[in-house]
Amino acid sequence: MRGAQKPGGILLAMVAVAALAGSCRSGTNERQPSPAPTPTSDTRIAAPGNAASFAALVDKAAPAVVSIAVVQAAPAEQNPLLRDPFFRRYFNVPDAGQVRLSSGSGVIVDGGRGLVLTNHHVVADSRTIEVVLPDQRRFEAQKLGSDEPSDIALLRLPASNLPQLPLGDSDAARVGDQVLAIGNPFGLGQTVTSGIISALGRGLSREGYESYIQTDAAINPGNSGGPLIGMGGTVVGINSALFGPGANVGIGFAVPASTARFVMNEILRHGTVRRGRLGVGLLDAAAVAGTGTNAPAQGALIASVEARSAAQRAGLRRGDVVVSAGGKATPTASALRDLVGRTEIGTNLVLRVRRGSNTLDVTVPIEG
């Protein structure tokens, strides 16, 4: 018959429709879950030197960072009456507890000689100083010297071939550089924090010798004396102080490595710290700019010159503004005072001076 389909064709069509329907049912009701993707490691995170991880730097630096336990005289022992046995007995003041323990941190900067840098305030008035390495070796340290104005102290351990972390060039540090702080906060054990250098040249004392590095890396009680470490793996500062009520608020301070190196070398050579001086009184030029003087916005303004001083003999005058010393900029009075203070006595230091509209170089021998 014309137009009639063969039975075979009808059967194939029915099979095709059935297969399509089965496929649709499988897609809507019987779909099997896909297997979870196999986890893969991102090798970039663990790559040495990658900014995403400080692990390689910590592995290198941490063995040289030590904990320091100090036995000090209790405050009562500073009172001569309370040191008198009869007075203590009369007023029933117990003999026990006449010493106290304090703790801090330090860093081995010369493993061959066993030299450790820490803060003056960590070891001040110490009776004994115990230094504990991360591998739990313990040594009774000898205090070679201590300098209160810079808050730096130098210890020696009776050992050699120790891990070390060398002092770097803090004068090359820049605001925004990444840094690590390693120490023993609150006696918890070695702890690592990170941040950046927030500011440079922060002077916090009358002497103006510190010219602190400011950082937002968390520094807490117990971190004192530990290192502030640059990304090159050297010490750029010795953590010294924090700003606030006794716990970190994002503002900490470190003594620059250049100052710590100067203090260490002075103690090793002379047993004490001898600081250079010019014989001038200084003010920040910025503080007097716009008050009728012709002082530039930056520099150290000479407010007075001592009679018979090296500055007077070199021809420096009141009103001169020192903008650099030894080729290094001195934007503030504390910057110049700090630089001169850590210059070897007897050195001839070249000062670049603005005097009115003129600029001249003046060579001044540094005195003690």
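Which element gives the largest share of the lining of the largest pocket? It's H10, with 4 residues. Here, helices (H or I, at least four residues) and strands (E, at least two) are DSSP runs, numbered from the N terminus.

## Ground rules

This is a predicted model: local features need pLDDT of at least 70, side-chain atom pairs count only at pLDDT 80 or more, and totals for chains, interfaces and linings use all residues. Residues are numbered from 1 along each chain as its sequence is written, and side-chain values use heavy atoms, leaving out hydrogens and water.

## The largest pocket

Let's start with the space itself: the largest pocket holds about 450 Å³. A pocket, on a 1 Å grid over the protein atoms alone, is an open set of points where a 1.4 Å probe fits, with protein on both sides within 12 Å along at least five of seven lines; lining residues have an atom within 4 Å of a point. The volume is the space filled by probe spheres set on the points.

In all, 21 residues line the largest pocket, and Asp171, Leu200, Gly201, Ser211 and Ala335 lie nearest its centre. Strands S9 (191-202), S10 (212-215) and S17 (328-329), plus helices H7 (257-270) and H10 (333-341), each give two or more residues to this lining. The lining splits into 9 nonpolar, 8 polar and 4 charged residues; Asp, Glu, Lys and Arg count as charged, Ala, Val, Leu, Ile, Met, Phe, Trp, Tyr, Cys and Pro as nonpolar, and the others, Gly among them, as polar.

## The second largest pocket

About 190 Å³ of space sits in the second largest pocket. Its lining has 13 residues, with Gly276, Arg277, Leu278, Val280 and Arg337 nearest the centre. Strand S14 (280-284) and H10 each supply two or more of the lining residues, and H10 gives the most, with 4.

## H10 itself

So how enclosed is this helix? H10 is largely enclosed by the rest of the structure, because 8 of its 9 residues are buried (under 20% relative accessible area with a 1.4 Å probe, protein chains only). Among the buried ones are Ala333, Ala335 and Leu336.

## The nonpolar cores

A nonpolar core is a set of buried Ala, Val, Leu, Ile, Met, Phe, Trp, Tyr and Cys residues joined through side-chain atoms within 4.5 Å. The largest one has 45 residues, and Ile68, Leu117 and Val131 have the most contacts inside it. H7 gives the most to this core, with 6 residues. Apart from it lies another core of 20 residues, including Ala333 and Leu336.

Notes. Buried means under 20% relative accessible area, exposed over 50%, partly exposed in between (1.4 Å probe, protein chains only).
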